[in-house]
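Trainee: I am new to this structure and should be grateful for a guided introduction. May I put some questions to you?

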Amino acid sequence: MRTALVLGGTGMLAGCAGQLVARGWRVVLPSRTQPLMADDGPGRAARASLSRGHRPTWVRADWEQPAKLAAEVEYELDGQPVNLLVAWVHDNYRVGVLNAVRHLLAEDAPVVEVYTSVPVPDPVLPHPTQQVLLGPFAHDATSRTNRAVLEAVERGLAGRAPSLHHEDAR
């Protein structure tokens with residue numbers, strides 16, 4: 001089973017995480033608070049690998065403690081590599097968090113980074129990175145965000161060249 005690590009997946013990326021689960025991915029969601037859709041408790045990692053219809057696996061994490069976040073994710077992975085990283089991490093924590101989880105990624109794992117402001121920084125990780133810049137949306141922000149991120153995921157998984165896609169209200 002392929003594994004996706006979705007950083008920032010409990011808010012605006014919840015739909016993206018849900019779509020990955022529906023497509024058969026094991027999804028790990030580190031965050032401070034447990035999302036309603038996620039699995040928790042003893043044996044959660046084993047339950048997550050039992051069937052296609054599983055829920056994302058939540059692990060308690062805080063951007064301010066990137067090493068602890070990475071350790072919690074690593075424990076849940078139980079030696080399995082991350083095959084896809086989707087990250088929407090606040091600028092103040094981005095470099096530290098991404099570097100902390102770097103060792104968990106499979107060698108060929110694509111990365112998708114999401115931003116809401118310019119300038120869009122260069123990728124931190126040496127993996128092929130699809131970048132998504134979200135503009136302001138008057139309505140339908142969640143579905144547009146998830147669509148744009150899932151399109152970037154597809155580009156990354158297809159091995160397309162790294163690129164920046166701007167999704168705005170136009």
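Predicted model: local features only at pLDDT ≥ 70, side-chain atom pairs only at ≥ 80, totals over all residues.

Trainee: How many helices and strands does the chain have?

Mentor: Read along the sequence, the elements follow the pattern β-α-β-α-β-α-β-α-β-β-α-β. In total, the secondary structure comes to 5 helices and 7 strands.

Trainee: What percentage of the residues in the chain is buried?

Mentor: A residue is counted as buried when its relative accessible area is under 20%. The chain has 170 residues, and the buried share of them is 47%.

Trainee: Which elements give two or more residues to the largest nonpolar core?

Mentor: The largest nonpolar core has 24 residues, and those with the most contacts inside it are Leu5, Leu7, Leu69, Val73, Leu85, Val101 and Leu105. The elements that contribute two or more residues to this core are strand S1 (3-7), helix H3 (66-77), S4 and helix H4 (91-101). Apart from it lies another core, of 21 residues, which includes Val6, Val86, Leu134 and Val153. The elements asked for are therefore S1, H3, S4 and H4.

Trainee: At what angle do H3 and H4 pack?

Mentor: Pro66, Ala67, Leu69 and Ala70 in H3 meet Gly96, Val97, Ala100 and Val101 in H4. By class, this contact of H3 with H4 has 7 nonpolar, 1 polar and no charged residues. The crossing of the two helices is right-handed. Their axes are 8 Å apart, and the packing angle is about 35°.

Trainee: Why does the span of helix H5 agree with its number of residues?

Mentor: Helix H5 covers residues 141-157, which is 17 residues. At 1.5 Å a residue, such a helix should span 24 Å. The C-alpha atoms at its ends agree with this, because they are 24 Å apart.

Trainee: Against which elements do the buried residues of H5 pack?

Mentor: The buried residues of H5 include Arg144, Ala148, Leu150 and Val153. The buried residues of this helix pack against helix H1 (14-22), strand S4 (84-87), strand S5 (111-115), strand S6 (129-134) and strand S7 (163-167).

Trainee: Is Gly18 buried, partly exposed or exposed?

Mentor: Gly18 lies in helix H1. Gly18 and Arg55 are 37 residues apart in sequence, while their C-alpha atoms are 7.8 Å apart in space. Buried means under 20% relative accessible area and exposed means over 50%. The relative accessibility of Gly18 is 28%, so this residue counts as partly exposed.

Note on methods:
Residues numbered from 1 in each chain as written. Heavy atoms only, no water. Helix = DSSP H or I, 4+ residues; strand = E, 2+ residues; numbered from the N terminus. Expected span 1.5 Å × (residues − 1). Buried < 20%, exposed > 50% of the residue type's maximum accessible area, 1.4 Å probe, protein only. Contact = heavy atoms within 4.5 Å. Core = buried A, V, L, I, M, F, W, Y, C linked by side-chain atoms within 4.5 Å. Axes fitted to C-alpha atoms, helices over the stretch in contact; angles between N-to-C directions. Left-handed = near helix turned anticlockwise from the far one by under 90°. Nonpolar A, V, L, I, M, F, W, Y, C, P; charged D, E, K, R; others polar.
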